[in-house]
Structure formats: C-alpha cells, structure tokens
Amino acid sequence: MEFFDDPKNWTETEIKTGREWRKDELRIKSNSDLHKLWYVLYKERNMLMTMAEAAKEANEVLASPERIDKVEISMKNLEDVVRERNKAYWELEVGEGTTGERPKAFRRDIFGRWRWIGCSEHMMPYRMNTKWRAMNAPGFGKDVIEFNLKLKEKKLKEKKSAIFRQSFYCRQLMRRFPDLDLEYLQEKFPDVDVKKQKDSLDELCKNERFRPFHRTLYHTKKRTDY
C-alpha cells in the first residue's frame, strides 16, 4: 500500500504540500543525506504516478497534480548538485575539463530510435565485432519502420487523450465557477483552447454528466469467496 496515497486524501480535491527542494538547500547537505533524500523523492514519485494512473483509469483528475512537478524538480536539482560535486572532485584530482562522467553519443538504437547512448571501450574494433553489431547496431528494415510508425501513433493518441481530459476538467471548472480567470486557465493548460471551450460550453456539456471531484478513486469490493 506504500504505492498509494494516504486513504484520507483519496476524497480530497486539493492537498496542501510544500515547495520543491532548491539547489542552495541541497548544497549544504552531506552526500549521505542526499542519497537518503533521493530515495524518499523516488518513492514519492512512484506513489504519485500510481495515483495519477488510477485517476486516469477512473476518468478523474489527480488531486493537486503539481505535486509530481515539485518532486521531479527536486530530483533534478539534487542530481545537478551531485553532478557539481563530481565535477569539482575530478577537476581537483585530475585536472580542469574533466567531469568523470561517461561520454555519450546521440545515435540510433536497435529499434531505430534516436537515443543518448553511453560510450564504452571495446577490446575489438566495431567493424570486426560482428556479434556485438548484431545485438547493438542500429536497426533498419521493414519491421523497424513499422515499429516507429506505431510508436508515433501511440504517442499521438496519448497526447490527444491528455488534451481531452484537460478539456473536460476545464469545462467542469467553468460550470462550477462562471467567473473563473480564463487567462490563468489557459496558462495552466496551454494545449487546450480555453476560449473555444467557454464559448461552446453549453453545447459541449449538454450530454455530459456532472461528475463530483470528490469521488473516491478506489472501491473495495466485498469478498464472496469465504
């Protein structure tokens, strides 16, 4: 159950949380504290992503979705601070211009997708290592092209589904709060045409059921297999 939020928050529409961790605050912490904090944030992100997926399946909106952004910003800041320390250590021990990180190259993977791939040393030259090329060389051919087309189609459907859910959420807010600031709403949901949703609100909501935001995300079923 640690992958789920506190049950008392399931019926809440807004959950008050603090801000993200800033770099200045992370720089004064020890490496051990940063290591512990990373796993706390990692665990929190897993929980929030689980709740977001559950809300998506229930066609609901996650309470205070900005929590995911705060956790991700904190993790990025923490990673930047660790990278700063590694760079300072390597410049002190080895010399300027060294970071100690594995260099990366922007190449195609076996599925034909462009990825940052970490470079590594090989005992045998690339042109002679046929076994390694068979497993790690860039993919080509009919199957790879078909895979990339379906992958693009999947991403497009996910984006359209996200815009549809955001539009539904905006319409629900407009129905509840007629004097809602549309500029703020447009800034919060840039992919949604808020003005168009407002102008055609009555027509769009004519066949739309009015859903309560406090609906419980999870329903426990009675066991009958005693």
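How many residues does helix 5 have, and how far does helix 5 reach from its first C-alpha to its last? I looked this up first: helix 5 (residues 142–176) has 35 residues and reaches 52 Å, close to the 51 Å expected at 1.5 Å a residue. The expected span is 1.5 Å times one less than the number of residues.

**Ground rules.** I am working with a predicted model, where local features need pLDDT of at least 70, side-chain atom pairs count only at pLDDT 80 or more, and totals for chains, interfaces and linings use all residues. I number residues from 1 along each chain as its sequence is written, and side-chain values use heavy atoms, with hydrogens and water left out.

**Overview.** I found eight helices and two strands in the chain, in the order α-α-α-β-β-α-α-α-α-α along the sequence. Helices (H or I, at least four residues) and strands (E, at least two) are DSSP runs, numbered from the N terminus. Of the 226 residues, 23% count as buried; buried means under 20% relative accessible area, exposed over 50%, and partly exposed in between (1.4 Å probe, protein chains only). Back in helix 5, I noted buried residues including Val144, Asn148, Ser167, Phe168 and Met174.

I then turned to the strands. Strand 1 (residues 104–108) and strand 2 (residues 114–118) pair in the antiparallel sense over five bridges; a pair requires that DSSP finds at least two bridges between the strands. Lys104 stands opposite Gly118 in strand 2. Five residues lie between the strands of this hairpin, and Gly112 takes a positive phi near 80 degrees. I also spotted a salt bridge here, between Arg113 and Asp109, with the closest N and O atoms 3.1 Å apart. Arg113 is partly exposed at 23% relative accessibility, whereas Asp109 is buried at 11%.

**Aromatic rings.** Rings of Phe, Tyr and Trp (its six-membered ring) pair if their centres lie within 6.5 Å; planes under 30 degrees apart count as stacked, over 60 as edge-to-face and the rest as tilted. I get four aromatic pairs by this rule. Phe106 and Trp114 have ring centres 5.5 Å apart and planes at 20 degrees, so the pair is stacked. Phe106 and Trp116 make a tilted pair, at 5.2 Å centre to centre and 45 degrees between the planes. Since Phe106 lies in strand 1 and Trp116 in strand 2, this pair ties together parts that are 10 residues apart in sequence. Phe106, Trp114 and Trp116 form one aromatic cluster. I checked their cover too: Phe106 is partly exposed at 45%, Trp114 is partly exposed at 44%, and Trp116 is exposed at 58%.

**Salt bridges.** The structure holds 12 salt bridges, each a side-chain nitrogen of Lys or Arg within 4 Å of a carboxyl oxygen of Asp or Glu. Arg19 forms one with Glu25, at 2.5 Å between the closest N and O atoms. Asp24 and Arg27 meet in another at 2.9 Å, N to O. Those two are three residues apart in helix 1, so about one helical turn separates Asp24 from Arg27. Asp24 is exposed at 58%, while Arg27 is partly exposed at 37%. I also traced a network of salt bridges that links Lys23, Lys76, Glu79, Asp80 and Arg83.
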